[in-house]
Structure formats: C-alpha cells, structure tokens
Amino acid sequence: MHAQSTGFAEANGIKLYYEIYGSGAPLVLIHGGGSSGAFDFSEVIPRLAGQYTLITVDLQNHGRSDHRYEPATFVQDARDIIAVMDRLEIGKASFFGFSNGASTVMQLGHLFPQRCEKIIAASGLSKREGMIDGFFEGMQQATLDHMPAYLQENFLKCTPDPVRLQNMFFRDSQRMLHFSDWPDEVLQSINVPALFISGDQDVIKPEHTTAMSRLVPDSRLLILPAGHGSYMMPDEQGRVDDTLIDCCVEFITRFLQT
C-alpha cells in the first residue's frame with residue numbers, strides 16, 4: 001500500500017521521516033529496534049487505513065531518518081515522536097508501538113498523557129527479567145553479522161550507507177545491553193487506556209506482559225499464540241499468518257473503538 005504523503009519533520013535537532021496513510025482518527029505507529037515504520041507495519045497498514053489516519057515514523061538512526069551519535073533512549077524517542085506530532089499539527093493521537101517501539105509508547109503514556117488517546121504496547125519491556133533467559137548474555141556477543149539479513153536489507157534500501165547501518169546496530173544493541181529496570185511508578189502513572197500484547201513464544205515473557213498490564217490502571221491484555229511480532233507482521237522466515245494477524249487487528253480495532 002502506497003503512502004498518501006511522506007516527508008521529514010524536525011525533531012529535537014534531527015529530521016525524522018514519516019509516512020501517512022488512510023483517514024480518520026490519528027494512530028501513530030512506532031516500529032521496533034533495527035527496523036522502520038513501513039516495514040514493521042506492512043500488514044497492519046492496509047488492515048487499518050480504512051478507519052484511521054496512520055502515521056509511521058522512522059525513529060532516530062532508523063529507516064530514512066537522521067542519526068545521532070550518542071546513546072539512544074526510549075525517553076528521547078518519545079520526545080521525538082511528540083516533536084513530529086507538533087510539526088504535523090496533531091494535538092492528540094493513539095499510539096501503537098512494537099518491541100522497542102512499545103517501550104517508547106509506554107514512555108509516551110507516562111510523560112505525555114495529555115497527547116495520548118490510547119496506547120498499544122506490543123512485545124515491550126520495562127524490566128530486564130522480562131526477556132527470555134539468555135537474551136542479555138547473547139547480546140554481549142552480538143555483532144552486526146548477527147542482525148537478521150532482512151533487517152539489514154531493509155535499512156540499506158532506505159539508507160544505502162553501511163556506516164549508518166553500523167551506527168544503528170551499535171546504538172540499538174548498547175541500549176539493550178545497558179537497559180535498566182523502570183520503577184513500577186512509570187507504568188502506574190499511565191492514566192490513559194492501554195492494551196498490552198505479546199506472543200506466548202515471544203522474546204518477551206508473557207508473564208512480564210501480564211505484570212506490566214496489571215500496573216496500568218485502565219489496561220487490557222492480549223496474549224496470542226505467536227512469536228515475536230508474528231501476530232502483526234511476517235515471521236523471521238517471511239511467512240504471513242493472515243488469520244492470526246486478522247485476529248490481532250480485530251482486537252486492536254475493538255480496543256480503539258470502545
């Protein structure tokens with residue numbers, strides 16, 4: 001599906017690339033680590049564009065957006081998203097984030113509740129214990145060669161610059177290696193309706209997703225029979241489970257409309 005408009009928005013000293021699809025109430029889509037907006041939401045966009053104005057944003061160091069050569073944080077990403085909203089003159093929106101994007105969405109709910117209608121956090125993280133066993137030990141040994149080829153190819157298609165690809169991988173891997181647990185008060189402070197999603201075979205433990213949802217006063221929980229994101233995008237082998245994705249999008253639509 002082709003975007004009806006694209007552009008770059010100034011965001012705290014850099015330019016972030018965005019795409020806009022559909023019509024209706026605004027829903028901002030925030031991708032995961034190593035990816036880009038249109039890539040992660042390629043299956044979601046055609047399913048929701050008939051009901052919502054969808055805005056994908058490539059975060060710092062990702063996709064077609066500018067780079068920073070300093071540690072990346074979820075708080076900075078949240079501030080950058082708000083800056084893009086300001087440039088697009090969107091006062092309030094709902095937010096749907098996947099993986100690292102879900103952690104960014106939780107920070108949006110914490111720091112900018114007045115800009116949030118509802119938030120959807122899919123396969124996000126708030127504490128290190130929420131990752132599958134061995135994840136952080138594996139990250140200590142990770143190099144660019146360990147990054148999935150399809151993510152490298154997507155990056156180079158958007159920005160054909162191997163140096164920037166290495167910077168993106170370094171900033172993302174360092175963010176995860178040095179991730180510190182959030183105090184429970186971060187989630188307890190979220191006073192907008194929230195939907196937490198993960199797969200039962202996700203890299204995020206489903207019990208962590210459950211625990212996060214219990215901390216947010218007005219939240220719902222959806223655990224699907226899926227791996228990391230295969231409930232909303234192709235799996236690591238490129239296979240698309242249309243039935244599963246349709247089911248997930250149906251729950252998301254129901255959440256946004258009630």
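Keep in mind that this is a predicted model. Start with D172: if you set aside its neighbours within four places in sequence, D172 is in contact with G33, G34 and H62. With H62 there's something specific to look at, a polar contact of 2.7 Å between the two side chains. D172 itself sits in helix α7, which covers residues 162-177. Is D172 buried or exposed? Its relative accessible area is 9%, and the cut-off for buried is under 20%, so D172 counts as buried.

Now for the holes. Rolling a probe the size of a water molecule over the atoms shows where empty space is left. Here that gives two cavities of 30 Å³ or more.

D172 turns up again at the second largest cavity, where the lining is made of H31, G32, G33, L59, H62, D77, N100, D172 and R175. The volume is about 30 Å³, and the lining residues split into one nonpolar, five polar and three charged.

The largest cavity holds about 40 Å³ of space. Around it you'll find V28, I55, V57, I81, V84, M85, L88 and I90. By class, that's eight nonpolar residues, with no polar and no charged ones. Which elements supply at least two residues each to this lining? They are β4 (52-57) and α3 (74-87), and α3 gives the most, with three residues.

Methods: Residues numbered from 1 in each chain as written. Predicted model: local features only at pLDDT ≥ 70, side-chain atom pairs only at ≥ 80, totals over all residues. Heavy atoms only, no water. Helix = DSSP H or I, 4+ residues; strand = E, 2+ residues; numbered from the N terminus. Buried < 20%, exposed > 50% of the residue type's maximum accessible area, 1.4 Å probe, protein only. Polar contact = N/O pair within 3.5 Å; in protein donor to acceptor, adjacent residues only side chain to side chain. Contact = heavy atoms within 4.5 Å. 1 Å grid on protein atoms, 1.4 Å probe; cavity = no way out; pocket = protein on both sides within 12 Å on 5 of 7 lines; lining within 4 Å. Points joined across faces, edges and corners; volume = space filled by probe spheres on them. Nonpolar A, V, L, I, M, F, W, Y, C, P; charged D, E, K, R; others polar.
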